Amino acid sequence: MRLSSILNGQHFGNLAKVHGIVTYKLSPFEQRAFAGAISKGLPNMVRRFRSNVFIVTPPFIVGYLIYDLTERKHAALLRKNPADYANDE
């Protein structure tokens, strides 16, 4: 069975008649895509950043400190102890 025989020549969006529901559409050419982007968007972005900065940054700081301490300890363990070779000729 072919799909076109099921659709009976109709397009996919027009398969059923829906009664009692009113829909409104606005053309994309009539919309203002960036309406309020600066007047409302920037203050909202600052507010959201300020509300999350103290939740997100402490784990990153702790992770960096652990990484830095581990790297320093590893570099120190790679070095030879000069006291072990003090009596060598």
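Trainee: Is arginine 72 buried, partly exposed or exposed, and at what relative accessibility?

Mentor: Buried stands for under 20% relative accessible area, exposed for over 50%, and partly exposed for what lies in between (1.4 Å probe, protein chains only). Here arginine 72 counts as exposed, at 58% relative accessibility. Bear in mind that this is a predicted model, in which local features need pLDDT of at least 70 and side-chain atom pairs count only at pLDDT 80 or more, while totals for chains, interfaces and linings use all residues. Residues are numbered from 1 along each chain as its sequence is written, and side-chain values use heavy atoms, with hydrogens and water left out.

Trainee: How many salt bridges does a search of the whole structure find, and which side chains meet in a salt bridge?

Mentor: A salt bridge is counted when a side-chain nitrogen of Lys or Arg lies within 4 Å of a carboxyl oxygen of Asp or Glu. The search finds one, in which the side chains of aspartate 68 and arginine 72 meet at 3.3 Å, N to O. Aspartate 68 is partly exposed, at 23% relative accessibility.

Trainee: Where do aspartate 68 and arginine 72 sit, and how far apart are they along the helix?

Mentor: Helices (H or I, at least four residues) and strands (E, at least two) are DSSP runs, numbered from the N terminus. The protein has two helices and zero strands. Aspartate 68 and arginine 72 are both in helix 2, and because they are four residues apart there, about one helical turn separates them.

Trainee: What share of the 89 residues is buried?

Mentor: Buried residues make up 1% of them.
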